[in-house]
Amino acid sequence: MNNEHLRDITRRTFFKQVGYGIGGLALSSLLAETVLAADGQTQKKRDPFSPVPPMFPAKAKNVIFLFMAGAPSQIDMFDPKPTLLKYDRQPCPAELLKGERFAFIQGTPKLLASPYKFSACGKSGQQISELLPHMQEVADEIAVVRSMNTTQFNHAPAQLFMNTGFQLPGRPSFGSWATYGLGTMNHDLPGFVVLISGDSYPDGGKSCWGSGFLPSVYQGVEFRSQGDPVLFVTDPDGVPREVRRDTLDALRDLNDMRLKETLDPEIETRISQYELAYRMQTSVPDLMDIAHEPAEVHELYGTEPGKKSFANNCLLARRLVERGTRFVQLYHRGWDTHGADENNDIKHALPKLCRETDKAAAALIKDLKRRGLLDETIVVWGGEFGRTPMNEARGGSPFPGRDHHPHAFTMWMAGGGIKPGVSVGETDELGYMVAKDPVSVHDLHATLMHLMGVDHTRLTYRYQGRNFRLTDVYGEVVQKLIS
């Protein structure tokens, strides 16, 4: 996309311009005046929220990303390993440990079989654990990728990598790239919304949904489950709506004047965000009021209006895409099942986490399908990496738990052009390494972008003298996932 008119004057850009000499600078000035003025009027720029046609016919319009922060255990949920039962509690083979780095495991760990039974579910025969009885019911709607892998093995960098394609803060998130490239379909709501549940914020913090070097209008907007949905969006006490409108009009005029002088893209962002906040004062309360949903909907999701929960957020996600929001991301923190005690092991904590999320995640798929929205909405579920097939046994803990594992983990997705009922990729007999059809984080991003009608190699933004993209110089579309 062409953002030359919004480019900041960086040190690199300055010296590049100076290199053209006085004549080049004069020509630059004349061209700038041509671009900026037409019959004395500032050229009208594209509203950053306006829908943008996809690069090619899209299969999906929206994405709902259910991010299980902390890394859920694929060994206990989606990737059964009978061989682990045979060698349960025996020392891990030495060849797997040679040159390996773990976050917390020390010495020679013992293999740990899953204590949970798996079933072949639906006509597709998807292998799903007894921990997820509701997901078993929608087995034929989902595609399961058992060969995900990442380069990061600690939470914060791995969460940033999964969300931004880079392990350090400062890059735009997937949701920001999607709204930058495609806009949104409802001017009264943000194009990218974030909903939080679980025991805390993700380790990667708000950089997971930040806009990086993109204009900040594209960053994720967090909606809170309790109190004001968005901080500072309501009118101050004693300020009537008419005064609020007059104030915003005056601010817009001042910002327009400054924008003509500097071409600073953040001024354009500020104007758009003030106007969006004003419109959200009426649109957001109606959106967040789930109490008026029918009783059978609350039964389907397990929602309780007024409470902070993953179930409530899944219902809100449906309501958001129903209203045209481009990208919705739910974070549910707590999946870091190391086994230090019963609050974070796979015997007590993991079943609790599954009870908190299983019913609502399955309900989201069912609800979208019956409303005719699943065909145009991709639902993605997964964390930042997986868990080891060995017991961590930190400090000799008797509670079973698994360490961080970047080499192989599982994600599932449904709807929006995803081929239903398929399984992609395999891990070895212990679930330690990918054995077939590896899928990287960049491959995942490339595939989801492709389904939204975007070529990931062409969606770029020029920053500090070069073009950047979500997938950097990597990423291949996983054709086996596409219907």
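Visitor: Phe213: buried or exposed?
Guide: Phe213 has 11% relative accessibility, so it counts as buried. Buried is under 20% relative accessible area, exposed is over 50%, and partly exposed lies in between, with a 1.4 Å probe and protein chains only.

Visitor: What kind of model is this?
Guide: It is a predicted model, where local features need pLDDT of at least 70, side-chain atom pairs count only at pLDDT 80 or more, and totals for chains, interfaces and linings use all residues. Residues are numbered from 1 along each chain as its sequence is written, and side-chain values use heavy atoms, leaving out hydrogens and water.

Visitor: How much of the protein is buried?
Guide: Buried residues make up 52% of its 483 residues. The protein has 14 helices and 21 strands. Those are DSSP runs numbered from the N terminus: helices are H or I with at least four residues, strands are E with at least two.

Visitor: How many aromatic pairs are there?
Guide: There are 17. In one of them, the ring centres of Trp177 and Phe213 are 6.5 Å apart and the planes are at 80 degrees, so the pair is edge-to-face. The two sit in distant parts of the chain, 36 residues apart: Trp177 is in helix H8, and Phe213 is in the loop between strands S8 (192–198) and S9 (221–223).

Visitor: What's the rule for a pair?
Guide: Rings of Phe, Tyr and Trp (its six-membered ring) pair if their centres lie within 6.5 Å; planes under 30 degrees apart are stacked, over 60 edge-to-face, and the rest tilted.

Visitor: And Trp177, buried or exposed?
Guide: Its relative accessibility is 1%, so Trp177 counts as buried. Tyr180 and Tyr461 form another edge-to-face pair, at 5.6 Å centre to centre and 80 degrees between the planes. This pair also links distant parts of the chain, with Tyr180 in helix H8 and Tyr461 in strand S20 (residues 461–463), 281 residues apart. Both Tyr180 and Tyr461 are buried.

Visitor: Which residues make up the ring cluster?
Guide: Ring pairs join Trp177, Tyr180, Phe213, Tyr218, Tyr461, Tyr463 and Phe468 into a cluster.

Visitor: New topic. Which charge lies over the face of Phe166?
Guide: Arg171 does, at 4.0 Å from the ring centre. Likewise, Arg394 lies over the face of Phe104, at 3.9 Å from the ring centre. The rule asks for NZ of Lys or CZ of Arg within 6 Å of the ring centre and within 35 degrees of the ring normal.

Visitor: How many cavities are there?
Guide: There are two of 30 Å³ or more. A cavity is a set of points on a 1 Å grid, over the protein atoms alone, where a 1.4 Å probe fits but cannot get out; lining residues have an atom within 4 Å of a point. Points are joined across faces, edges and corners, and the volume is the space filled by probe spheres set on them.

Visitor: What lines the largest cavity?
Guide: Its lining is Met77, Phe78, Leu132, Met135, Thr357, Asp358, Ala361, Trp381 and Trp412. The volume of the largest cavity is about 50 Å³. Helix H13 (residues 349–370) gives the largest share of this lining, three residues.

Visitor: What does Leu470 touch?
Guide: Leaving out residues up to four places away in sequence, Leu470 touches Thr164, Gly165, Phe174, Trp177, His442, His445 and Met449. Contact means heavy atoms within 4.5 Å. Leu470 is in the segment after strand S21 (466–468), and at 5% relative accessibility it counts as buried.

Visitor: How many residues of helix H14 are buried?
Guide: Ten of the eleven residues of H14 (residues 441–451) are buried, so the helix is largely enclosed by the rest of the structure. Among the buried ones are His442, His445 and Met449. The cover over the buried residues of H14 includes helices H7 (155–164) and H8 (174–182) and strand S7 (142–149).

Visitor: What comes just after H14?
Guide: Gly453 does, with a positive phi of about 80 degrees.

Visitor: Which residue has a positive phi although it is not a glycine?
Guide: Gln464 is one of them, with a phi of about 50 degrees. Gln464 is in the loop between S20 and S21, and its relative accessible area of 45% makes it partly exposed.

How values were computed: On a 1 Å grid over the protein atoms alone, a cavity is a set of points where a 1.4 Å probe fits but cannot get out, and a pocket is an open set with protein on both sides within 12 Å along at least five of seven lines; lining residues have an atom within 4 Å of a point.
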